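Here is a short briefing to read alongside the structure. Take a look at the fold, then follow the points by topic.

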Amino acid sequence: MPQIAVLLTAIGSLIAEMMGKPRGSLWTLIIGMLAATGVAISKIGTITTAFSNTFRVDYLSLWAVIILSITNIFIAVLARSELKNTYREGTVYSLLVFSLLGALIMTGAGDIMFVVLGILISTLAGTALIAYNKTDPATEGAFKYYIYGSVTGAVMLFGLTFWVGIIGSTYLSALNNPELSSLAVIFGFITLLIGIGYAGSLVPFHFWTPDAFEASPVSIAAYLSVVPKVGAIFALAQVARELPVEMLNWPLLLGVIAVLSMTFGNVVALWQDNIVRLLAYSTIAQAGYFLLGVVAIQQNQLAVNALVVFGIAYAVMNVGAFAIVQSCGTQLKDFNGWAKQKPWQAVGMTIFLLSLVGVPPLAGFAGKFLLFGAALDGGYTWLAVAAIINSVISLAVYLRIIVPTYFNEPKPEPIQSTKPGIRLVWISTFVLTIAVGLGLQWFLV
Amino acid sequence: MESITLPLLSITTFLPLLGTLVILLVKPDKPRTTYRIGIGASTLAVVTSLGIWLRGVGSSFNQIEQLEWIPSLGIAYRMGIDGISFPLVLLTTVLFLTALIYSAKIEKRANSYVMLFLLLETACLGVFMALDLFLFYVFFEVTLVGMYFIIAEWGHENSKQAALTFFLYTLLGSLFLLLAFLSLYLHSDPLTFDMRALIANPPLTGLAAALTFWGLFVAFAIKTPLVPVHTWLPAAHTEAPAAGSAILAGVLLKLGAYGFIRFSLQMTPDAFQQFAPYVIVISVITALYGALVALAQTDIKRMVAYTSVNHMGYMVFGVAAAAALGKGAETSALDGATLQMISHGVVTGLLFLLVGALQDRTQTREMTEISGLLKTYPVLSGLFIVAAFASLGLPGLAHFPAEFQIFLGGFSAYPVATGFIILGLLITTGLYLRAIQSVFMGNPEKEIDSKGDLDARELWATVPLIAAIFIIGIYPDLLLSIIHATTELIGF
């Protein structure tokens, strides 16, 4: 079980921090994550359950281990460059792994309680990470994240008791029973959606996102944009697999949320001057695209493929973009003339942003291509049309970064050399962004 | 029985990209060296494309090159040519070579400029030779990115705005294309992105066919462009650097035109036949509107840009007439439309290069401010006048055989619409004659002679195109025989 490796890593890096060795904590994280990835890769293809059917080991949950563990390594390296020698640096690594554990528990949930548990673990660890800077905005951001989390969590828990009440067990698979009272199923699903919508920052449960992102260290913002979100969307897919459509037209509901998220995220991002906030809104939009795969999950195999490939693509291009932001600066004006100072980083940022738009042959395109295919095949043409119109708006958003990078005059300040950690991360994600697009075959079932 | 042959198609496609890599590795510090590499790579591409011709183009898809790519989804790297795509390949390699020769004076960030141009060339060649929807789409989108940066960085005063409009507009179009492709794929049996299979056995019927047809239509109408989605074109053409405009008009517009034939006509033939009247109406409006608006321009580059709209109207008219007539009818409409793509590429490409040369000398594009150029720059003016005559459809020059066949084919399908669209010829004749009169005739108002007449570089870029105009005009059969073999086979 790769998840056990993750748990041991979390404890190990905590111990290293308690001994005052943040470096050891970082290395524990890297080795542990690589171990978890290795275990997951060796198991790919197996479909089974664990812990008396409450946890699913399947394509989604194994890929989640691979995607998120590797993402966590990147984020830890970024955090090291950003937070080196700050007070209690090692706790960051430990918290990153704990939060990852929460996300992984969600992605393999075969049981209602695992969804709840996963969201809670991931939220608690996330709150501490957001507050790491110990400034007023950081406290505010963390509070927003925490309070939204506790309220939505409470609502979700309350609603889910109805599910447990009518099905008499906590297994998700027990939901697939046409004799259940549809009202109770609807109520339970909506509350569940509130909890998951919070973790995945879907509209209208996204309000914490921009503030929390802005207040956190940039590396933590990168983490927030990927790990809890991929966890939440995969968890939603695990639930949606079992929900009978006859009882509740949940694909329609999710489709509407998807359109709202995409449109809101992209349109509001058009006005942001802070790149971290801009990317925060862009992640809200990206979560909307992600939902296309969940909507079609019962209809075709393409949807599962789409979720995994878009998950990989989203993780690499988003982490890459945040890495460049960490190197360049968080304001739009910091990017003025960046291409003249660091031409390769400018090319990298362009590739990440175009991949977020979905320009082939990059990773983001491969993901969106499968998502659109899944939506069309499931008969949701309107959803696919809404998604492509949003892709055009998102191009306008990302060009707001690309244009000053190339066409404005650089600031007169001397150029600082890029920290090796940042360089490692952006180059790796850059290569992956291109490789995943071209080597799509390796990631399909 | 398979023998190992040189993959000439892939070599032609990726030679320019190889040039990009060479520039990236060598990092020449003199623009001269950069242009040598760029021109060298694109000359080789012309040579290999001639090699493809020598091997024999044939009527159906041939010289196929195929490699596994994403077998789970029925996607493969498939390349091939037929009589419709090969002339476009030739046009692309020749135009890129002349555009690069013409550009050699640009010293501003020459490395990036040449690299983008070569990348764009690879993408355009890939579009015309791809036999797989996925591969086609990849190349199709890469052209957008390349062109965006060329317009924005090396263009004129309002180039950033124009580039942005171009990018957003055409991205919207290409995303509709993506949906249409996915729809074709999802209805194919067995599931495949192989264009040959989709053409041999068009998978769609009924509502799905109609939706897919209109999805394709929106995509290609924006790219071609047709009225009312043409509004990105004048700005992009006017603001781009001269060589960029030549490529944009000469090659990139053909992506849309080629799409109409390859996808709309060949993959959704029944839907196209059903909706042909609408397309006819739109194309007549496009041709007349383009001509009338061109008449109203005082900026000479904008005027040429709008005549492109007019010519693309004829082109789409030809394709729609072919669709309306259905299989087994006379092929002259489609022959003409295909030839029109080539002749428009050559003529308009040349016109944009000459307008660029003119602007370098007069520092303005306003026709009211220039006069008597024939006396100041006789060679430049002479070439421009020949190109203008070709553009208005003078017999013996490139456009005439193409337009003649389009109208011939159109007349048997829609005589009334043909009557209307021919009015466009009258208007373009008028506007070119007026432009020639005001710009080239008369006496020069003031002495502008900081530069002499066309220099060697400009002559190398323009004379081959002039020669091509005469060759196509006098001996169109050189290309028509290739085109006709294919149109006859596919029956339109």
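How many helices and strands does the secondary structure of chain B come to? The answer is 19 helices and 2 strands, where helices (H or I, at least four residues) and strands (E, at least two) are DSSP runs numbered from the N terminus. This is a predicted model, in which local features need pLDDT of at least 70, side-chain atom pairs count only at pLDDT 80 or more, and totals for chains, interfaces and linings use all residues. Residues are numbered from 1 along each chain as its sequence is written, while chains are lettered from A and ligands numbered from 1 in the order in which they are written.

**Overall shape of chain B**
- Chain B has a radius of gyration of 21 Å, close to the 23 Å that the globule rule gives for 492 residues, so it is as compact as a globular protein of that length. The radius is taken over C-alpha atoms, and the rule is 2.2 Å times the number of residues to the power 0.38.
- The C-alpha trace of chain B spans about 70 × 60 × 40 Å along its principal axes.

**Annotated span of chain B**
- An unreviewed UniProt entry annotates residues 130-423 of chain B as "domain: NADH:quinone oxidoreductase/Mrp antiporter transmembrane"; such annotations may be inferred rather than shown by experiment.
- Residues 130-423 of chain B are 80% helix and 0% strand, with their end C-alpha atoms 37 Å apart.

**Domains of chain A**
- The domain assignment of chain A gives domain 1 (1-150 + 209-238) and domain 2 (252-445), with bounds from an automatic or database assignment.
- The C-alpha centres of domain 1 and domain 2 of chain A lie 21 Å apart.
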